[in-house]
Amino acid sequence: MLLKGRNLIQPEDFSVEEINQILSLSQNIIENPSKYSRVCEGKLLATLFYEPSTRTRLSFEAAMYELGGNVLGFSEAASSSASKGESVEDTIRMVSCYADIIAMRHPFEGAPRVASQKSGVPIINAGDGG
């Protein structure tokens with residue numbers, strides 16, 4: 001499967017051919033939603049949003065549900081153990097035991113790349129830094 005098991009940290013991590021494949025698959029999903037409605041069945045997306053972002057977080061969640069998967073996570077650092085001082089690395093290690101993939105948004109540039117080095121599952125950078 002296209003990019004299976006790969007981290008999605010920044011566009012430069014992919015070749016032009018891979019980006020074209022992603023865009024082609026995206027178009028196919030838009031045109032044939034019922035064909036893809038169960039491809040993530042039994043899969044769990046963790047959304048770790050260390051800063052608020054309603055549109056981005058909900059777009060990840062909606063996409064996962066539309067593909068037949070499930071979602072868990074938090075929408076701001078204050079509602080996670082980060083508020084008690086837990087490090088991003090520890091959170092990632094723990095969450096990667098439960099989830100099949102993690103979408104992460106963090107105020108510090110580079111945090112998703114660091115997370116990808118500590119995670120047992122792929123990380124999607126849903127925004128970092130400015």
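Here is a short tour, one selection at a time.

**Before you click**

This is a predicted model, so to speak: local features need pLDDT of at least 70, side-chain atom pairs count only at pLDDT 80 or more, and totals for chains, interfaces and linings use all residues. Residues are numbered from 1 along each chain as its sequence is written, and side-chain values use heavy atoms, with hydrogens and water left out.

A word on labels: helices (H or I, at least four residues) and strands (E, at least two) are DSSP runs, numbered from the N terminus.

**Stop 1**

Now colour by element of structure. Tyr50 sits in the loop between strand E1 (44-49) and helix H2 (54-66), while Phe74 belongs to strand E2 (residues 70-74), so the pair ties together parts that are 24 residues apart in sequence.

Are these two buried or exposed? Buried means under 20% relative accessible area, exposed over 50%, and partly exposed in between (1.4 Å probe, protein chains only). Tyr50 is buried at 10%, and Phe74 is buried at 12%.

**Stop 2: Phe49**

Step back to Phe49, in strand E1. Its relative accessible area is 0%, so Phe49 counts as buried. Show everything that touches Phe49, where contact means heavy atoms within 4.5 Å. Leaving aside neighbours within four places in sequence, the contacts of Phe49 include Thr56, Phe60, Phe74, Ala103 and Ala126. Next, draw a distance from Phe49 to Pro107: they are 58 residues apart in sequence, and their C-alpha atoms are 9.3 Å apart.

**Stop 3: Pro52**

Pro52 is in the loop between E1 and H2. Pro52 has 67% relative accessibility, so it counts as exposed. Not counting residues up to four places away in sequence, Pro52 touches Ser75 and Arg105.

**Stop 4: Ser83**

Jump to the loop between E2 and H3, where you'll find Ser83. Beyond its neighbours within four places in sequence, Ser83 is in contact with Ala77 and Ala78. From Ser83 to Glu51 is 12 Å, C-alpha to C-alpha, and 32 residues in sequence.

**Stop 5: two helices**

Last, select helix H3 (residues 88-95) and helix H4 (residues 111-118). They pack at an angle of about 50°, with their axes 9 Å apart. That makes H3 oblique to H4. Angles under 35 degrees count as roughly parallel, over 145 as roughly antiparallel, 65 to 115 as roughly perpendicular and the rest as oblique. Axes are lines fitted to C-alpha atoms, for helices over the stretch in contact, and angles run from 0 to 180 degrees between N-to-C directions.

Which residues meet here? Glu89, Ile92 and Arg93 in H3 meet Val114, Ala115 and Lys118 in H4.
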